[in-house]
Amino acid sequence: MTGLRNKNFTKIILSKVPLILLFASVLNDYDFNHLSLKYFSFNFSYILIFYYNLKKNESLGYTYIFIAGLFNDVVAGTPIGLSSLMYLILCVAASYLRNITLRPSLLKDCIFFLLTILIINSLLFLSLKFIFSYELNYFDQIINITFTFLFYFLFSNLFDFFESYFVRNNNAG
């Protein structure tokens with residue numbers, strides 16, 4: 001009986017890892033300046049939201065994504081609701097790609113992800129610059145988009161490994 005409870009508890013925890021990672025990524029406004037990597041930043045939450053809405057839409061709920069965006073706005077100091085809107089646009093794009101794709105491939109996913117983050121960051125930039133009069137650095141935005149796109153390959157493979165090795169093996173047992 002105890003083994004059955006432990007398996008259920010482990011199954012629940014493993015199914016909530018993407019949600020835990022999402023909130024950990026939005027609550028940690030991380031950068032790599034202390035490692036002397038001045039021009040290195042990427043948006044892990046974009047990668048996580050896009051991947052899990054594309055591959056497993058039941059992992060992250062839209063309500064949790066919206067709340068994570070509110071937390072991100074508070075931590076980053078941007079207007080409340082702006083990140084939530086961008087996260088939900090990302091969810092819509094991933095859902096659209098999932099529905100129109102007959103044969104999924106990582107290359108197609110990455111190209112669509114690049115187009116999506118270009119559109120999202122353009123909307124974010126326009127709203128912060130012209131509506132809220134924030135001073136933004138163009139070069140930092142380009143670096144962030146580039147590394148976010150490049151790291152999608154890595155994290156997509158890591159998430160595939162996690163899903164196939166930990167979550168599915170645990171569900172089978």
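Q: What describes the packing of H4 and H5?
A: Two packed helices are described by the angle between their axes and the distance between the axes. In this predicted model, the axes of H4 and H5 come within 7 Å and cross at roughly 145 degrees, where axes are lines fitted to C-alpha atoms, for helices over the stretch in contact, and angles run from 0 to 180 degrees between N-to-C directions. Helices here are DSSP runs of H or I with at least four residues, numbered from the N terminus.

Q: Why is the crossing of H4 and H5 called right-handed?
A: H4 passes H5 in a right-handed crossing, a word used because the near helix is turned clockwise from the far one by less than a right angle, anticlockwise being left-handed.

Q: Which residues of H4 and H5 meet?
A: Contact means heavy atoms within 4.5 Å, and among the residues that meet are Phe-66, Gly-69 and Asp-73 in H4 and Tyr-87, Cys-91 and Ser-95 in H5. The residues of this contact divide into nine nonpolar, five polar and one charged; Ala, Val, Leu, Ile, Met, Phe, Trp, Tyr, Cys and Pro count as nonpolar, Asp, Glu, Lys and Arg as charged, and the others, Gly among them, as polar.

Q: At what angle does H3 pack with H5?
A: Helix H3 (residues 44-55) and helix H5 (residues 82-100) pack at about 35 degrees, with axes 8 Å apart, and this crossing is right-handed. The contact of H3 with H5 holds 10 nonpolar, two polar and one charged residue.

Q: What makes Lys-55 and Asp-109 a salt bridge?
A: Their closest N and O atoms are 3.2 Å apart, and a salt bridge is a side-chain nitrogen of Lys or Arg within 4 Å of a carboxyl oxygen of Asp or Glu, so the pair qualifies. Lys-55 lies in helix H3 and Asp-109 in helix H6 (residues 106-131), so the pair ties together parts that are 54 residues apart in sequence. The structure holds three salt bridges.

Q: Which residues form the nonpolar patch on the surface?
A: Leu-27, Phe-66, Ile-67, Phe-71 and Val-75 form the patch, with about 390 Å² of accessible area together, and helix H4 (residues 62-76) gives the largest share, four residues. Patch residues have over 30% relative accessible area and no salt bridge, with nonpolar side chains (Val, Leu, Ile, Met, Phe, Trp, Tyr) joined within 5 Å and like charges within 9 Å; the areas come from the Shrake-Rupley method with a 1.4 Å probe, only the protein chains shown counting as cover for residues.

Q: How are residues numbered, and which atoms and confidence limits apply?
A: Residues are numbered from 1 along each chain as its sequence is written, and side-chain values use heavy atoms, with hydrogens and water left out. Local features need pLDDT of at least 70 and side-chain atom pairs count only at pLDDT 80 or more, while totals for chains, interfaces and linings use all residues.

How values were computed:
Helix = DSSP H or I, 4+ residues; strand = E, 2+ residues; numbered from the N terminus.
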